Amino acid sequence: MKKNTIKTMLNGLIVGSTMLVPGVSGGSMAMLLGIYDRLVHSISSFTKDMKENFLFLVLFSIGGLLGMILFASPLLRLIELYTIPMLYLFIGIVAGGVPMMYEKSGVKKIDLDSFLYFMLGFVSIFLVSALPSDLFPKQTNLSGIGLVFLIMAGFTAAIALVLPGISVSYMLLLMGIYEETMKAVSRLYLPYLIPLGIGVFLGIILTTKLLEQAMQQHPKATYLVILGFVIGSIAEVFPGIPTRSELLICFLTLIAGFLCIHFISKLQKI
């Protein structure tokens, strides 16, 4: 039990520390760590084993909060100072988890169906990224349609939170409420946060339930689409070809990221 407790909190710590990094999805990191399925099951089937699921989610959340408090700011600072090498580190992290996700899909050989499932997820990321920032009407007046909009916005953000490869912060920016949400969180402004939270709660419950069913009934299609999401998200962090002076360090950070996540994913099986 002690070993599982430490492992769960460590996973939460890693996910929490990277959630605020631009272009990095918390769902992607959970998937790369091999803990994504467990998270989805704990939420969607919470009432089936309330004690165990509650303990797991609490431990993971504690780790996540510690990660955000202790490491999110230093990571963002490192990205600011060493942008290209750090982004290559995250590309390596994504690449390191690909073998594990491919294994989960159960694909024995690459056929047309496998390719199309993968491309569905891959292309979806680019379609979301291509959406104009003024696509959604800005309704945050906290009365009538404004409250409905906040609930819907929370619901949409929850889908981004659960699905790997999609950044929650990007979805908030897309809906034009990123700054308002950050201000409301910093001031703990409940009239704004409560309807947003209701939407997030409903979105997480519905999305995780559908995801769990899809993973159980159609594992090949589901994991290949998710793999497309994750690899497609590399486009959001890809900084271009490094200069000659940065080429070696970028190569080293790329390999370090790959080996780190590959090693951690192997530990999950122990």
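**Close-up 1. The salt bridge between Glu80 and Arg77 in helix 4 of the predicted model.** Glu80 pairs with Arg77 through N and O atoms that are 3.2 Å apart at their closest, a salt bridge being a side-chain nitrogen of Lys or Arg within 4 Å of a carboxyl oxygen of Asp or Glu. Because the two residues are 3 positions apart in helix 4, about one helical turn separates Glu80 from Arg77; helices are DSSP runs of H or I with at least four residues, numbered from the N terminus. Glu80 is exposed at 56% relative accessible area, whereas Arg77, at 45%, is partly exposed (buried is under 20%, exposed over 50% and partly exposed in between, with a 1.4 Å probe and protein chains only). The model is predicted, so local features need pLDDT of at least 70 and side-chain atom pairs count only at pLDDT 80 or more, while totals for chains, interfaces and linings use all residues. Residues are numbered from 1 along each chain as its sequence is written, and side-chain values use heavy atoms, with hydrogens and water left out.

**Close-up 2. The salt bridge between Asp111 and Lys220.** The side chains of Asp111 and Lys220 meet at 3.5 Å, N to O. Asp111 lies in the loop between helix 5 (83-105) and helix 6 (112-130) and Lys220 in helix 11 (residues 219-232), so the pair ties together parts that are 109 residues apart in sequence. Asp111 is partly exposed at 30% relative accessibility, and Lys220 is partly exposed at 27%.

**Close-up 3. Arg38 with Glu52 and Ser42.** Arg38 forms a salt bridge with Glu52 at 3.4 Å, N to O, which links helix 3 to helix 4 across 14 residues of sequence. The side chain of Arg38 also joins that of Ser42 in a polar contact of 2.3 Å (a pair of N or O atoms within 3.5 Å; within protein, one must be able to donate a hydrogen and the other to accept it, and residues adjacent in sequence count only if both atoms are side-chain atoms). Ser42, found in helix 3 (residues 36-44), is buried at 0% relative accessibility, whereas Arg38 is partly exposed at 25%. Beyond residues up to four places away in sequence, Ser42 touches Asn53, Phe56 and Leu57, contact meaning heavy atoms within 4.5 Å.

**Close-up 4. Surroundings of Tyr36.** Leaving aside neighbours within four places in sequence, Tyr36 is in contact with residues including Gly27, Val162, Pro164, Leu211 and Ile226.
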